[in-house]
Structures are given as structure tokens and as C-alpha cells.
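Hello,

Here is the structure I promised to pass on. My notes on it follow below.

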Amino acid sequence: MTTATHLPGTRNPDAGPEAALAARLDGRLLTPGDAGYDTARTVWNAMVDRRPRMVVQAASAADVAAAVRFARDRGLEIGVRCGGHNVAGFAVPDGGLMIDLTPMGGVRVDAVRRRARVQGGALLGALDRATQPYGLATTAGNVSHTGVGGLTLGGGMGWLARRYGLACDNVESYTMVTASGETVTASRTEHPELFWGLRGGGGNFGVVTEFEFRLHRTGTRTLVAEFDFRAEDAVPVLAGWRELSAAAPREATFTASVADGPAGGGPVATVGFVWVGDPERGRRLLPALRALGRPVATRITTPSYLELQRRDDSTGGHAYRRYSAGHYLRDLPAAAVEDFLLRGAADLRGTRRGAGAGTGLPGVGLQAHGGAIADVPDGDAAFGHRGTAFEFGAGSRWTDAAEDDARMAAARAAGAALAPYANGVYVNSLTAHEGDRGVRRAYPAAKLARLAALKAVWDPRNVFHLNQNIRPAAS
Ligand code: FAD
């Protein structure tokens, strides 16, 4: 393999199609051995170790189009990288061409019109940092190093979603490079069916080079409330928490989690909420939560919105091996509460075994949906499951490859225990193992059929298949 790194303004002396591609780019072409190649192929989940034949570090929509045409004409598998957070590592094609959008990370804010133009490779932190000086924000996820691209195309849940809808509900328009290398705009008035599909249909239709978001006057202040309980005491606590969540104002997103406790202790269940807005108004919810039981620890904090958005950056950090299992839950009946607390173990004693040294059980969490997410008519966007009450996730992180099978099995067991209460799954939390079955859980059958028809229009040869794939409908 020749190394064909392109420095702007120079021509690689190597002849051949790769050198010609490199010479055309505003960005760079990397091949194995080039400086930056290993960084470009390294994604969030350390279990992903794939080697693309080449990486186009795209600096412009023209670069993206050139890369798509090059790969398509040579039958190279395409992977599209934004934040690199997809747990299955779909951004990285083994032996294929990776379109690395990270050089396209810019955000332009029009504070008067309350709009942000966000390039397809931007991270959530860049979006928040650009909008907050104006007291503005839009729905974005909870970890700032996640990509706007993958998150928004799958839906996009965050602390503002109960007030303003999912990230995809706040997109005015998408600029996208198609499988044939053309650039199109999709909005309510231009290519409205494509606009529908891009709102939740993932990276199936093309490479989005720019998102235009609506912004909201959110201010910069928040409140986070967390109450820790011994897991064995937490059944009535969670039942009460669920009732409070159902009646909560839209500024509040209720959360619950269970994890191994400190050495010598048993598992800890944490319930609480995140409030975006005036903390004094958020504090009005505290007495009801305090009345749920006797917590072993309480944390009430008032981070700025930017601090809130970075709060989970280190627990959600890179370089760990990762696996997760998730569901959307329409309700949280009493039996589901018990299964949630067990994390896939047979009984709570099982969740204590080896506490401190770690049980190997996954951490589990719930995050409330509802509010403005559920206001959007179901037919309005490809995103499925508007009626979800809570998203459930079971996630494991570890470093030793020898633990892979046990860790994955434990996360799957925790997921399987909640499966009887599930109404579907978030497409962005699917692992590679779930394949077509997972895609059928993410989209109700009628939506999947409509998505497949749309795929047949925009990508009939399934050029963009390294994703939670929607297969083109047969013509
Ligand atoms: P990448 O791996 O770069 O991309 C994932 C896939 O998206 C790509 O394979 C490609 O198919 C597609 N894609 C990405 N960008 C583009 C583009 N510009 N054009 C076309 N296709 C593109 N989700 C939430 O909703 N809310 C959260 O709070 C949240 N928190 C998370 C925290 C962590 C630590 C992690 C790891 C994930 C979180 N997620 C959350 C899930 C997240 O939405 C998905 O992992 C998503 O795939 C991440 O997108 P990315 O751009 O970082 O990933």
C-alpha cells in the first residue's frame, strides 16, 4: 500500500487513483502507517479494532462527495465517523474507506434568528459552547464528546428533550451528500420525505455535512438532585419516584440508576432528576423526593448548563471495552422495578457478592421521556416509540479482554430481564449483535417499510450499510 498523505497545495508524486483522490481533497487522505491513521480509526469502544484501507479526513462537502464516489466506484465499504461513539463501531470499515468528518466540527450561531448551523463532524460540546454565551441551547446528549451526527440522526435524547423534543425534532434542515455524490437539502419544504427519514432513520440515506438547528432561550443554570439508597430498600423508593416522574414539570428529567457500591457495601440505587432552568423552581421537587425514604447519601448541586453537559464525560470516557443492552419502556410496573434492581442477578444477595472488588454486573439506568417528545405526532418523523416513559440501559465497561464474554453476558442478562416490559429500543443503543432483529425493534413495522421505500429512492445499492441498516425495498 502506498502512503498518499496529501498536504494542501502539494501533489503526491505517486500516480494512481489514491494519489489523484488525495490531490483533490481539501482535507487529507491517510493510509496505514501515516501519522494520525491510528488516531482516526480509534473509536470510543476499545473493543473495536478495525483497519480501514484508507481514511478521508474530510474538510468540506466536496471532500465527502469525492470520497463517496471513489469508494462507490471501487466497491469499497464506507464508514462514516463523527464522534466515534457508536457502541458497535460502525464508523470504522475493515479494509474499506472511512469518511472521518472530525475536521468538519464547526458551529455558527445566529442568536437573533435562534439558529445554529452545525457541521456534520461536530461534537456536542462544540454546539453547547457556541450557543451558551447567548443563553441559548438545543437538545443534545449528556456527554460532550458524543457526535452531533450519529446522535441526531438516530433521534437524540438529552436534558432538554422533555421541554423541546429530541435533537432530531429541532432540526430545520439537513445538507446531505447522497450515494451518487450529489448534495441535497432536506427540510419540511425540500425533499420532505427525506427530511422525515433523516429524523430518526440514522446514517442510512447519505452523509450529512450540515445540520441547521433551532435554538431555545434556556439560560445557563441547572439543578441536579441525587438520593442514594441501599438497593434492598429501594423497591418502594423507585415506585414513588416513578409516580413523581409522571407528574414532573418538563424542565425536570427524572433519572434512576443502580451500581456496585463502595468496598464492603452492597449495591446502591440512586434516584433523582436533572432540572434545566432556575434552580429555585427545581428545588420545589425536593421535599417529595426526600419523603420517599431514608437515603444513605444526598447530593444537590447547581452546575452551569455547560458543566452539566460535561458532568458524565469521564464516566463515559474513552479507552474502555464496552457493551450495553437497552430498551424503551412504556411503563415501569412493580415487577420491572424488582428486575431493574437485580441487574440480571437471581437475587439481591447475588448482586452483593464480591462487592467492592466488583460484581461484574453492569450498571443500569433509567431516564424519563415524555413531555415534548410525546407531543410530536408519531407520523411526523422516522423516530419510533414516542410513547416511551423511560429509556432503560445496562452498560458494562472493563479493560481486560479476558472478561469480554462474561461482561457481555451479564449486560445481556440485565437487558433480558427487562425485555418483558419493553416496547422497543433506541436505534442508537443497539449493538452489532442485534442485527436486523434490533432494527425491527427500533422501528414499528409500518415505519420500517416507509424507511425501506425511502432507502430504495436515495441509496438503492445500499452503499451506506455500515450502520443500523435499513435495507432498500425491492422495486
Ligand atoms: P459515530 O460512531 O461517529 O457515528 C455513528 C454512526 O452514525 C455512523 O456509523 C454513521 O452511520 C452515522 N453518522 C454519524 N455522523 C454522520 C453524519 N454526519 N452523516 C451521516 N451519518 C452519520 N444518545 C442520546 O441520544 N443521548 C445521550 O445522552 C447519549 N449519550 C451517550 C453517551 C456516550 C458516552 C455514548 C458512547 C453514547 C451516547 N449516546 C447518547 C448514544 C449516541 O447517540 C450514539 O452512540 C451515536 O451513534 C453517537 O454518534 P457519534 O457521531 O458520536 O458516533
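**The ligand site**

An oxygen atom of the ligand is 3.4 Å from a polar backbone atom of Leu-151. Keep in mind that this is a predicted model. The protein covers 91% of the 940 Å² of accessible area that the ligand has on its own.

A backbone N or O atom of Asn-142 sits 2.8 Å from an oxygen atom of the ligand. For Gly-147, a backbone N or O atom is also 2.8 Å from a ligand oxygen.

Which residues come nearest to the ligand? They are Cys-82, Gly-84, Gly-147, Met-157 and Tyr-426, out of 32 residues around the ligand. By type, the shell holds 14 nonpolar residues, 17 polar ones and one charged.

Three elements each supply at least two residues of this shell: strand S3 (78-81), helix H5 (148-154) and strand S10 (207-214). H5 gives the most, with four residues.

Helix H5 is also the place of Leu-153. Is Leu-153 buried or exposed? Its relative accessible area is 9%, so Leu-153 counts as buried, the cut-off being under 20%. Leu-153 and Val-171 are 18 residues apart in sequence. In space, their C-alpha atoms are 9.9 Å apart.

**Aromatic pairs**

A search of the whole structure finds nine aromatic pairs. One of them joins Phe-211 and Phe-213. That pair is stacked, with 6.0 Å centre to centre and 25° between the planes. Phe-211 has 0% relative accessibility, so it counts as buried. Phe-213 is at 1% relative accessibility and therefore counts as buried too.

Another pair is made by Phe-340 and Phe-392. This one is edge-to-face: the centres are 6.2 Å apart and the planes are at 75°. The pair links distant parts of the chain. Phe-340 is in helix H12 and Phe-392 is in strand S18 (residues 390-398), 52 residues apart. Both Phe-340 and Phe-392 are buried.

Ring pairs link Tyr-174, Phe-195, Phe-211 and Phe-213 into it.

**A buried arginine**

Where does Arg-343 lie? It is in the loop between helix H12 (334-342) and helix H13 (348-352). Arg-343 counts as buried because its relative accessibility is 1%, and the cut-off is under 20%.

What does the side chain of Arg-343 contact? It makes a polar contact with the side chain of Asp-260, at 3.0 Å. A polar atom of the Arg-343 side chain also lies 3.2 Å from the backbone oxygen of Pro-362.

**A hairpin**

Last, look at strands S5 (residues 107-110) and S6 (residues 115-119). They pair in the antiparallel sense, over four bridges. Arg-108 stands opposite Arg-117 in S6. S5 and S6 form a hairpin, with four residues between them. In the turn, Arg-114 has a positive phi of about 55°.

**Where to start**

Begin with the ligand and the residues that come nearest, Cys-82 and Gly-147 among them. Then turn to the Phe-211 and Phe-213 stack. From there, go to Arg-343 and its contact with Asp-260. Finish at the S5 and S6 hairpin.

Best wishes

Conventions. Residues are numbered from 1 along each chain as its sequence is written. This is a predicted model: local features need pLDDT of at least 70, side-chain atom pairs count only at pLDDT 80 or more; totals for chains, interfaces and linings use all residues. Side-chain values use heavy atoms; hydrogens and water are left out. Two strands pair if DSSP finds at least two bridges between them. A residue is near a molecule or strand if one of its heavy atoms lies within 4 Å of it. A polar contact is a pair of N or O atoms within 3.5 Å; within protein, one must be able to donate a hydrogen and the other to accept it, and residues adjacent in sequence count only if both atoms are side-chain atoms. Accessible areas come from the Shrake-Rupley method with a 1.4 Å probe; for residues, only the protein chains shown count as cover. Ala, Val, Leu, Ile, Met, Phe, Trp, Tyr, Cys and Pro count as nonpolar, Asp, Glu, Lys and Arg as charged, and the others, Gly among them, as polar. Buried means under 20% relative accessible area, exposed over 50%, partly exposed in between (1.4 Å probe, protein chains only). Rings of Phe, Tyr and Trp (its six-membered ring) pair if their centres lie within 6.5 Å; planes under 30 degrees apart count as stacked, over 60 as edge-to-face and the rest as tilted.
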